[in-house]
Amino acid sequence: MTEDDIEVMQKIFNPGSVAVIGATASSDRIGYNLLDSLIYGGYKGKIYPVHPKLKEILGLPVYPSILDIPERVDLALIALNQRDTVDVLEHCGKLGIKGAVIVAGGFRETGDEGRALEKRLVEITKKYGLKVVGPNTLGIMNLEAGLNATFYPVSLKKGNVSLISQSGGIGFSIIQKCSDEGVGLNKFVGVGNRTVLEISDCLEFLAGDSGTKVIGVFLEGVENARRLVQVAGKVAHRKPVVIYKVGQSNEINEATLTHTGSMAGPYKLFRDIFNQYGVLLAGSVPELVASCKALSLCRLPAGGGLGLFTYTAGPTIVALDRLAGRKISIPGLAPGTVRRIKAILGENLPVVLKNPIDTGGLGTRPGTYGLLVDAALADHNFDLLVTFCCPHKNWPNPTRELIAAHQKSHKPVLTCYISTVKGVEEDREALQQAGIPLYCSPDEAAWGAAALIHYSRRGGALHGNA
Amino acid sequence: METRRIIENVRKSGRTFLTEVESKELLAVRGIPVLSCRVARDEEETVRMAHECGFPVVLKVNSPYIIHKSEHKGVFLNLGGEQSVREAFRSIRRNCAAVDPEASVTVQPMIKKGVEVLIGVIADRQFGPVVAFGLGGVFTEVLKDVVFRMAPVSTEEAEKMVYQIRGNRLLRGYRGYPAVDTLSLLKIITGISQLAVEVEDIEEMDLNPVVVFPRGAMVLDARIKLC
């Protein structure tokens with residue numbers, strides 16, 4: 001991507017004015033919902049609905065054609081059928097509009113006619129220097145600019161995680177999970193057919209985007225995976241990239257004639273090669289979100305030594321299971337830590353002190369919890385700590401103690417409260433405000449820790465950025 | 001370029017598969033250590049070559065129509081004397097007659113034991129040239145212990161490949177067996193990955209087995225398929 005390209009993309013995500021071409025008054029149509037999303041999302045720029053006959057939609061004056069809009073708009077959202085879309089795009093180009101989002105499907109995925117249309121679309125974009133998101137896309141968002149240019153009116157928390165998705169449906173699955181987890185979003189791109197703007201273009205743009213600290217990607221498959229992995233690897237040196245790739249069924253190519261060919265299942269290839277380039281892979285939407293959440297809230301640990309602290313063994317065992325095979329070190333306790341814990345809990349403990357640190361019932365008392373977490377965080381074998389607890393009606397949650405301990409230490413702390421998502425809303429808000437991600441399952445806490453450790457290994461460049 | 005000449009010769013004969021002899025010739029010109037083999041067209045020639053190369057020897061079928069030599073019962077290992085060479089030659093002729101009645105054989109010395117690995121290349125539709133490394137010989141298909149990298153790979157990356165396979169302990173020495181010469185192995189991996197990038201005609205390539213010794217490493221068998 002050239003500097004000019006980046007500038008066009010910046011305008012697409014930060015438009016001063018937006019035209020909604022194909023806006024309608026019926027709420028079951030895409031055109032209506034694009035408009036509703038802009039308004040509901042709190043977009044502050046000018047909005048120009050375009051429809052040949054209607055006078056007013058959702059309280060906004062309507063323009064009969066894009067040529068009637070009094071200023072040059074920065075972004076055109078096109079909700080017309082595929083044929084009209086291409087005609088309108090030509091008009092946009094002539095008017096000097098540089099950015100468009102095309103929602104319609106019906107292009108190359110439908111056969112010869114669609115392919116021909118898509119070819120014309122590409123020619124138009126080249127002729128006028130237009131950048132197009134889609135076609136066949138949910139749209140884009142930039143919460144920093146209050147811009148929801150999708151046809152799903154939603155209200156989301158603003159933050160520093162940006163998402164690129166090849167699927168609208170899974171894109172939404174990720175967005176909703178982020179909402180549940182209190183993960184703030186910055187930008188979203190549904191790349192659709194990737195006819196003009198490719199996933200690698202979006203990665204390059206987000207790499208230089210100051211509002212984006214972490215990039216999450218949902219990937220189905222691309223033709224030029226070679227460029228994608230090279231770009232992703234380069235971007236991952238600047239800021240963390242987490243990719244969830246579907247298609248893990250290792251169906252083999254039966255036509256191949258060598259052993260090498262027959263063993264290269266597509267997912268195995270993908271996994272090995274993305275690992276080669278240092279990009280973190282997630283195996284599911286929850287893992288993608290758990291990873292992005294930790295990378296969004298925590299500073300990166302100085303090393304990979306992981307400490308676990310609990311008063312109930314099960315969740316730590318599950319967490320260790322999730323970490324198995326990832327070459328993550330679970331170091332033992334330093335002798336000083338053992339002495340310190342015994343000084344707090346007494347010499348004759350009913351448990352053996354090791355990592356995971358399991359204090360049993362003794363660890364639940366509010367007076368001692370903070371001291372124990374302090375001791376664990378002070379252990380020089382640990383670079384980060386995950387704590388586990390089970391919220392209880394009559395016992396206070398250790399939220400205050402965790403925040404206080406975290407403030408005294410430079411090491412990342414992650415916590416798992418075994419609970420429903422709704423049951424710990426206040427704790428989540430308080431902890432995450434203080435930079436401690438709260439997870440409701442040990443699996444997710446483990447994925448979060450693994451993501452931090454992965455990017456801690458990438459060395460200095462990322463630390464400077466974080 | 002020598003590599004080009006070998007490939008053009010194969011193309012001229014209307015084939016996309018290089019025989020073992022051609023594959024090894026191509027590898028040799030790239031500086032990859034191969035166990036060279038000689039082609040014998042009849043029983044007497046085979047026996048003479050076996051004597052020249054010294055017992056024990058290996059006989060393999062040599063035919064442009066036969067890619068998987070073992071599947072056609074076209075490989076005989078560890079032949080200790082003239083009589084067993086004669087019997088092996090006749091067996092190969094018999095076993096492969098249906099596919100290629102004119103098939104010749106290759107004669108090569110039986111190599112002392114080392115750890116057998118596989119080094120391969122595929123031209124992936126999405127990633128372009130990709131290099132593979134894994135346990136070789138009989139383990140290849142059973143364990144599928146193979147890792148992949150986008151080519152070219154650096155020596156450092158090749159080393160990571162070697163340590164990534166589950167069976168890497170076999171290379172580091174176990175139960176009294178000495179550790180193998182990893183450096184020689186890494187040289188072959190990086191050399192092959194460079195070849196994969198430079199010669200775009202290669203669609204698939206199997207070097208299997210490559211035997212790694214406490215000192216040195218050598219390609220014992222190879223097949224190359226062109227696009």
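Trainee: What does the domain assignment give for chain B?
Mentor: Domain 1 of chain B is 2–34 + 113–226, and domain 2 of chain B is 38–109; the bounds come from an automatic or database domain assignment. Keep in mind that this is a predicted model, where local features need pLDDT of at least 70, side-chain atom pairs count only at pLDDT 80 or more, and totals for chains, interfaces and linings use all residues. As for labels, residues are numbered from 1 along each chain as its sequence is written, while chains are lettered from A and ligands numbered from 1 in the order in which they are written.

Trainee: How far apart are the C-alpha centres of those two domains of chain B?
Mentor: They lie 24 Å apart. The contact between them takes six residues from domain 1 of chain B and six residues from domain 2 of chain B. Contact here means C-beta atoms, placed from the backbone, within 7 Å.

Trainee: And what sort of residues does domain 1 of chain B put on the side that touches domain 2 of chain B?
Mentor: Two nonpolar, one polar and three charged. Ala, Val, Leu, Ile, Met, Phe, Trp, Tyr, Cys and Pro count as nonpolar, Asp, Glu, Lys and Arg as charged, and the others, Gly among them, as polar.

Trainee: Which strands make up the open sheet in chain B?
Mentor: Four of them, in the order β2-β5-β3-β4 of chain B, with antiparallel pairing. Strands (E, at least two residues) and helices (H or I, at least four) are DSSP runs numbered from the N terminus, and two strands pair if DSSP finds at least two bridges between them.

Trainee: Which strands stand at the edges?
Mentor: β2 (38–40) and β4 (75–79) of chain B; each has a single partner strand, so one side of each is left without a neighbour in the sheet. The twist averages 25 degrees from one strand to the next. β2(B) pairs with β5 (residues 104–109) of chain B over three bridges, and V39(B) has T106(B) as its bridge partner in β5(B).

Trainee: Which helices lie across it?
Mentor: Helix α2 (residues 20–29) of chain B lies across β2, β3 (57–62) and β5 of chain B, at about 110 degrees to β3(B). Helix α3 (residues 43–53) of chain B lies across β2, β3 and β5 of chain B too, running at about 15 degrees to β5(B). Those angles run from 0 to 180 degrees between N-to-C directions, with axes being lines fitted to C-alpha atoms, for helices over the stretch in contact.

Trainee: Is L26(B) buried or exposed?
Mentor: L26(B), which is found in α2(B), is buried because 25 other C-beta atoms lie within 10 Å. The cut-off for buried is 20 or more other C-beta atoms within 10 Å, for exposed 12 or fewer, and partly exposed is in between, with C-beta atoms placed from the backbone.

Trainee: What does L26(B) touch?
Mentor: Not counting residues up to four places away in sequence, L26(B) touches T3(B), I6(B), L18(B) and I224(B). L26(B) and E2(B) are 24 residues apart in sequence but 7.8 Å apart in space, C-alpha to C-alpha.

Trainee: Switching topic: how many residues of chain B are in contact with chain A?
Mentor: 25 residues of chain B, against 19 residues of chain A. That side of chain B divides into 11 nonpolar, five polar and nine charged.

Trainee: How many residues has the largest nonpolar core?
Mentor: 193, and those with the most contacts inside it include V20(A), I243(A) and I189(B). Such a core is a set of buried Ala, Val, Leu, Ile, Met, Phe, Trp, Tyr and Cys residues joined through C-beta atoms within 7 Å.

Trainee: OK, chain A then. How many residues of helix α2 of chain A are buried?
Mentor: Eight of the 11 in α2 (residues 30–40), so that helix is largely enclosed by the rest of the structure. Among the buried ones are I30(A), Y32(A) and L38(A). They pack against β1 (17–21), β2 (46–50), β3 (56–57), β5 (75–78) and β9 of chain A. Just after α2(A), G42(A) takes a positive phi of about 85 degrees.

Trainee: And what does β9(A) form with β8(A)?
Mentor: A hairpin, with four residues between the strands. Four bridges join β8 (residues 139–142) to β9(A) in the antiparallel sense.

Technical notes:
Two residues are in contact if their C-beta atoms, placed from the backbone, lie within 7 Å.
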